[in-house]
Amino acid sequence: MPMIHHLTTTTTTTLFIKSSLPFAYHAPCQYEYDVHNHNQQNPRPRPRRRRSISQWSIPRCCVYPPTPTPTPRAKRSSNVGIISGKSKEIDVATLGNLCVDIVLNVPELPPKDPALRKLYMDRLSASPPDKQFWEAGGNCNMAIAAGRVGLDCITIGHVGDDIYGRFLLDVLHDEGISMVGMMTPTQQHSDHLLHAASSYQTLLCWVLVDPLQRHGFCSRADFSDQPAFSWLTTLSNQVKMAIQNSKILFCNGYGFDELSPHMLTSALQYAVEVGTCVFFDPGPRGHTLFNGTPQQQTAFSHFLTMSDVLLLTSDEAEALTGIKNPILAGQELLKKGVRTKWVIVKMGSRGSIIISMSSISCAPAFKVNVIDTVGCGDSFVAAIAFGFIHNMPMVNSLALANAVGAATAMGCGAGRNVATLQRVIELMKTAELNEDEEFWNELLAENVDTEEITFLSKFFVNGNNHQLNRIALQKVVSELLPKLESSPVEGKVPS
């Protein structure tokens with residue numbers, strides 16, 4: 001069903017309630033992108049040359065040279081990035097969910113009636129808004145954040161041959177990120193008039209802000225029962241090569257707005273076949289997918305059980321399991337998983353948790369002046385991917401992810417406005433933890449069945465208390481900084 005979501009923004013904590021979901025979410029505050037002053041306000045790193053990319057491609061092309069299809073293996077390798085004896089050259093590939101955010105101040109938010117909302121959006125779309133209000137959105141946020149912490153990234157998806165598509169490709173190119181289009185050769189050479197149809201155009205997300213700082217979000221995908229790019233039905237050889245050459249394939253629930261359940265499941269199955277680890281974040285779409293069409297439910301179930309890493313908010317974990325305690329909910333999801341190594345629960349200003357089969361790691365959030373929470377979740381995922389690839393201790397991965405998310409929250413907006421590496425390093429050197437002892441004690445007091453619990457703390461505590469091992473923030477930071485400042489190294493899957 002089409003949905004417009006309304007919220008009220010404060011300078012500290014914002015609660016974003018999906019109109020038909022039992023989940024609570026953070027939401028963006030108002031921001032305007034100034035194209036003239038952007039480089040001074042948020043300097044971007046110089047594009048880095050990617051090891052496996054020889055050129056930047058237009059949407060229909062793939063930058064990878066032909067490589068032989070690997071022989072499927074009966075058992076997954078213990079190494080991230082190793083397939084058929086050859087190292088995978090790309091760290092992270094994102095799948096789908098490529099869009100341009102149009103951020104506008106409006107006198108009032110769209111009406112609730114679906115037909116009137118559709119007319120409202122059509123009027124907005126009648127003429128392109130000024131380019132200063134455009135920003136890369138969707139999975140571009142994760143890819144840009146991952147690139148800035150030192151990972152080699154590509155995006156797999158579809159953007160149209162239009163002004164928005166060219167803008168999106170320019171942004172990715174400037175960040176050193178390449179784009180792999182999903183069209184098959186037959187579709188690439190089909191009638192160009194067909195490519196001009198709305199179903200082929202770049203997906204736009206309208207981010208609308210009223211005078212009371214409330215937000216509304218809408219796109220054409222909200223007004224159709226079919227995915228925006230339902231005409232994509234087969235994984236091309238180029239897309240398969242991209243998945244094969246990537247250590248991690250990242251997908252989220254918004255991918256179902258663009259790609260069919262069959263396409264997404266095909267990508268998941270191929271990633272498993274070629275030894276690429278899968279990260280899945282269902283996000284706000286989790287509830288609708290869980291109660292969606294049979295095809296959506298089946299695909300959603302496959303992602304929940306076959307992904308290597310699941311990332312959810314505490315409310316999403318509770319909605320899927322019926323368990324309020326995020327640690328116990330994560331353990332339940334882990335038990336149901338077939339390949340799952342980590343279940344990560346995000347708790348906003350409280351912090352985050354990683355649950356594995358043998359241990360639990362907890363990290364309180366950093367105290368920062370929150371300006372805008374949009375893009376924080378994507379930045380968090382990027383840092384988790386960094387820790388996973390480099391086989392870092394789980395608590396170190398959480399600390400880094402919390403820092404990258406917090407550094408993004410200190411700025412305005414996502415896309416090119418996500419945290420730079422310099423800002424992350426500065427935050428970690430001076431950061432203070434938002435350590436709520438009462439909250440964590442209550443959380444850990446329940447019957448948590450695990451061998452070891454590691455907790456990021458302000459200070460080192462000698463010994464342990466009922467399996468609780470406190471790790472000092474200063475120690476973790478001293479281990480993270482050299483990794484962030486050095487070249488990426490070959491990673492291994494955590495045991």
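This is a predicted model: local features need pLDDT of at least 70, side-chain atom pairs count only at pLDDT 80 or more; totals for chains, interfaces and linings use all residues.

Student: What are the distance and angle between the axes of α12 and helix α13 (residues 326–336), and how are the two helices oriented to each other?

Tutor: Axes here are lines fitted to C-alpha atoms, for helices over the stretch in contact, and angles run from 0 to 180 degrees between N-to-C directions. The axes of α12 and α13 come within 9 Å and cross at roughly 55°. Angles under 35 degrees count as roughly parallel, over 145 as roughly antiparallel, 65 to 115 as roughly perpendicular and the rest as oblique. The two helices, α12 and α13, are therefore oblique.

Student: Which residues make that contact, and how do they divide by class?

Tutor: Contact means heavy atoms within 4.5 Å. From α12 come S314, A317, L320 and T321, and from α13 come P326, A329, E332 and L333. For the classes, Ala, Val, Leu, Ile, Met, Phe, Trp, Tyr, Cys and Pro count as nonpolar, Asp, Glu, Lys and Arg as charged, and the others, Gly among them, as polar. The α12–α13 contact then divides into 5 nonpolar, 2 polar and 1 charged.

Student: How are helix α14 (residues 376–389) and helix α15 (residues 394–409) oriented, and what classes of residue make up their contact?

Tutor: The axes of α14 and α15 come within 8 Å and cross at roughly 150°. That makes α14 roughly antiparallel to α15. Among the residues in the contact are F380, I384 and F388 of α14 and L398, A401 and V404 of α15. By class, the contact of α14 with α15 has 11 nonpolar, 6 polar and no charged residues.

Student: Is G137 buried or exposed, and which residues does G137 touch?

Tutor: G137 is found in strand β7 (residues 134–138). With a relative accessible area of 0%, G137 is buried. The C-alpha atoms of G137 and L168 are 8.8 Å apart, although the two are 31 residues apart in sequence. Not counting residues up to four places away in sequence, G137 touches N97, C99, V100, D101 and L168.

Student: Where does L444 lie, and which residues is L444 in contact with?

Tutor: L444 lies in helix α17 (residues 437–445), and at 18% relative accessibility L444 counts as buried. Its C-alpha atom is separated by 9.2 Å from that of L468, 24 residues apart along the chain. Leaving aside neighbours within four places in sequence, L444 is in contact with I327, C362, I453 and L468.

Student: How many helices and strands does the chain have?

Tutor: Helices (H or I, at least four residues) and strands (E, at least two) are DSSP runs, numbered from the N terminus. The chain has 18 helices and 19 strands.

Key
Residues are numbered from 1 along each chain as its sequence is written. Side-chain values use heavy atoms; hydrogens and water are left out. Buried means under 20% relative accessible area, exposed over 50%, partly exposed in between (1.4 Å probe, protein chains only).
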